[in-house]
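Me: Please consider the model below and explain the terms used to describe its strands and helices.

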Amino acid sequence: MPTLKIDDRTVTVDEGGSVLEAAKVLGIVIPHFCYHEALGAVGACRLCAMSFLEGPVKGVQMSCMVQAKDGMVVSTLDSRAVELRKSVIEWMMINHPHDCPVCDEGGQCQLQDMTIAGGHSMRRYRGPKRTWNNQDLGPFIEQEMNRCIQCYRCVRTYQDYCGGTDFGVMGSRQRLFFGRFRDGALQSPFSGNLADVCPTGVFTDKTFRFKARLWDLEEAPSVCPHCSLGCATVPGARYHELLRTVAGINPHTNGFFICDRGRFGGAYVNHPERPREPRWKGKAVGWPEAMESLQRQLSDIVARHGGEALAFVGSSRASLESLWMLRRVAKSYPGARIAFDSHAGRDRVARRVASLSPSLLASLEDVRCSDFALLLGSDPSGEAPMLALALRQSVRAGGEVFIADPRPLELPFEAKRLSLLPQALPELIEALETGQIDGLEPGAADFVRQARQHLAGAKRPLIVGGMDLLTEQGVLRLERLATRLRSAGQNCRMFIPLGGPGSFAGALMSAEEDFDDLLDGIHQGKIRALVCLEADPYLETPDPGRVQAALEKLDSLVVLDYLPGVAARNADLLLPTRGAAETGGTFVNNEGRMLPFAPVFSPGLPLRVTGEGDHPPRRFEAVVSGSAPRAAWEILGELAGETMSLRELRLQIAGQDPRLAPLARIDDCPQGVRASGGSTPLPLRLPEAPSCIPAGALQLLPVELALGTELLASFSSQQEGARPEPEAWIHPDEGAAMLLVEGERCRVTTALGHLELPVRFAPDMARKILVLPRLRDTALGDFVPGGGDLWCRIQRGSHD
């Protein structure tokens with residue numbers, strides 16, 4: 001580790017770091033623009049000049065480009081370096097419009113900070129400025145090109161780090177334009193990171209434009225609730241309205257960036273129809289009456305039918321604390337039944353993953369550092385977009401990726417692809433484990449041979465599995481494959497994206513049955529009341545008809561939720577809860593890392609609603625309108641007769657469950673701590689016999705997309721402009737055989753009804769299947785991924 005001296009202060013840093021980074025360790029602020037922790041340095045801005053007095057490098061140098069070496073003596077105060085920095089920043093500001101009063105970057109502008117730090121305060125240039133016409137870059141990013149100082153951060157983020165291909169730099173010298181060849185929405189699902197990395201306000205968050213200044217925002221560290229990866233975020237709110245979300249920093253999960261689903265999907269808490277007051281039989285009631293009614297209903301059911309007539313279901317979007325209290329409440333009614341996810345297939349996968357040794361489970365940082373990744377039945381962009389970004393960093397560092405999947409995947413990296421039917425995945429995994437390729441198609445056999453060679457030669461191999469296509473049996477097969485490699489001395493790990501940020505926590509609760517068992521009990525008349533904790537079985541269960549028929553038989557349906565879903569509308573008793581930005585709690589991500597999040601703001605009707613877009617209401621009230629929602633764990637705690645603070649609840653959990661003991665120190669670990677130990681999975685269900693494909697039919701495969709399909713984001717107004725149109729995807733050969741024309745409407749007949757929608761040809765997908773992107777609030781909303789075999793027939797044109 002080199003030791004050097006900067007401004008007469010000694011510092012020892014890690015090998016390979018730059019002198020600029022060494023100065024940051026000492027707290028010395030040196031102006032810089034092109035350098036970024038995630039991007040490194042390219043020496044483009046020429047602003048971080050220092051004078052190197054002793055050591056292997058001498059003279060004035062760009063400190064971001066000079067590696068720290070032992071014995072260096074460096075000065076940031078030398079007159080030559082100071083004068084150069086002052087001149088460079090003045091050159092940069094020549095064409096800048098100096099429009100700080102109307103710039104959304106004000107208050108968080110690195111250009112403002114670095115201009116002053118560089119010694120430039122008076123503008124001497126009085127000549128004409130270079131100007132540009134701005135482009136329309138879609139619903140997320142606003143461009144103000146005249147503010148550009150040509151630091152190249154945007155291109156390096158969008159193209160190099162995130163793999164986008166529709167944005168770049170054009171021109172030369174001082175005539176550089178950063179944008180697209182023509183106006184149009186940015187295509188990368190990581191485009192929002194432009195607003196975070198741009199230091200000058202060229203690229204800002206269009207959904208946040210002119211709504212608030214940074215110093216007016218309520219902010220707190222949080223965790224993204226839109227998938228199971230647990231990315232760090234920092235939501236910002238004002239006047240009871242969430243206005244924006246920016247990336248937090250967590251080296252174990254997202255690093256420095258987040259996807260657009262997480263960035264622009266948080267406005268579900270602002271939804272005008274979200275539950276904001278308790279309702280009994282559709283009538284608004286107060287909390288005392290609502291809680292009394294809840295306790296009376298449950299007690300009456302138990303008195304008449306026994307504790308076995310009560311059932312509770314958790315959710316993949318509920319916090320660890322809420323799920324813990326749900327189990328406490330269920331245990332207070334002897335015989336009551338409980339499941340922790342209304343999607344039984346995903347619940348079983350989560351329990352199988354949670355039962356694995358923690359040493360087998362990879363973090364996103366492990367993914368970024370892997371040198372070979374094997375993806376089996378996994379669509380990273382649709383299931384967990386930041387997984388795709390992590391895999392790109394592996395490829396950029398020289399790693400390789402092999403993918404076997406039936407779907408047309410949009411990925412930000414190059415990979416070897418094998419398109420195959422979902423039913424062929426078990427045979428492929430077995431061949432990867434045993435090396436027996438007899439009976440495989442030639443393409444599959446070649447894929448297995450090459451994949452086994454790469455697995456054998458990799459130092460940090462990674463196996464990624466998809467929960468919906470592999471199911472719990474597939475996860476067990478992947479575990480055997482990974483264990484075989486580890487027994488051969490390789491540090492192989494697994495990465496399985498789960499249903500949501502609460503899936504792993506629910507799996508740790510280890511209930512003895514799943515939601516399918518609860519549905520059976522309801523149909524049989526054994527269960528008379530169901531309590532749903534932030535779960536909507538109507539929207540989350542693959543068989544909506546069965547759910548509808550079952551829930552209609554209940555004597556009582558109780559729903560605790562913050563979304564205006566179908567279950568909330570049909571509930572006998574609705575108790576409004578708080579979203580992740582409105583309360584504190586803990587999510588447990590898919591690697592078993594417990595991640596704390598803090599409340600950002602208190603719920604209430606946004607001022608733009610109560611003030612009707614005008615002056616705030618000129619009246620004083622003791623209670624803020626719409627502020628009734630409470631934390632789910634707090635409601636359940638009252639029901640269980642255990643009123644306590646979040647800190648007290650965490651200590652209780654840590655003291656009663658040894659696997660969750662690290663939760664006691666979670667407040668001191670903002671980057672999270674791993675749960676120790678795992679869960680006991682349910683007995684493995686025998687796989688269903690493959691159903692025969694009806695003549696002339698195709699296998700139907702519902703999928704999630706990076707944007708527009710995830711549950712929470714579907715209630716976010718920020719994503720309205722990015723929601724795709726309903727369409728069906730099919731292989732061109734299948735389309736030609738059926739005389740289909742790309743772009744024309746076709747009729748799709750399924751067990752869930754008839755659909756009419758345009759068809760799109762995708763040459764990189766498997767044959768004999770039809771892929772349907774799930775879009776809620778459309779006819780495609782009933783098609784839930786991971787629901788087993790579905791078949792359909794497709795015809796050209798409209799047929800009544």
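Reply: In this predicted model, helix α15 (residues 467-487) lies across β18, β21 and β22 and runs at about 165° to β21.

Me: Why are β21 and β22 called paired?

Reply: Two strands pair if DSSP finds at least two bridges between them. Strand β21 (residues 461-465) and β22 have 3 bridges, in the parallel sense, and therefore meet that requirement. In β22, Met494 is the bridge partner of Ile463.

Me: In what order do the strands of the open sheet run, and which are the edge strands?

Reply: The 5 strands follow the order β20-β19-β18-β21-β22, with parallel pairing. The edge strands are β20 (416-418) and β22 (493-495), because each pairs on one side only. From one strand to the next, the twist averages 15°.

Me: How do you know that helix α14 touches the sheet?

Reply: Contact means heavy atoms within 4.5 Å. Helix α14 (residues 442-457) touches β18 (372-376), β19 (400-404), β20 and β21, and its direction makes about 145° with that of β19.

Me: What makes β29 and β34 a pair?

Reply: Strands β29 (residues 698-703) and β34 (residues 791-796) run antiparallel and are joined by 2 bridges; the criterion is at least two, so they count as paired. Gln699 stands opposite Trp791 in β34. The 6 strands close into a barrel in the order β29-β33-β30-β32-β31-β34, with mixed pairing.

Definitions and conventions. Residues numbered from 1 in each chain as written. Predicted model: local features only at pLDDT ≥ 70, side-chain atom pairs only at ≥ 80, totals over all residues. Heavy atoms only, no water. Helix = DSSP H or I, 4+ residues; strand = E, 2+ residues; numbered from the N terminus. Axes fitted to C-alpha atoms, helices over the stretch in contact; angles between N-to-C directions.
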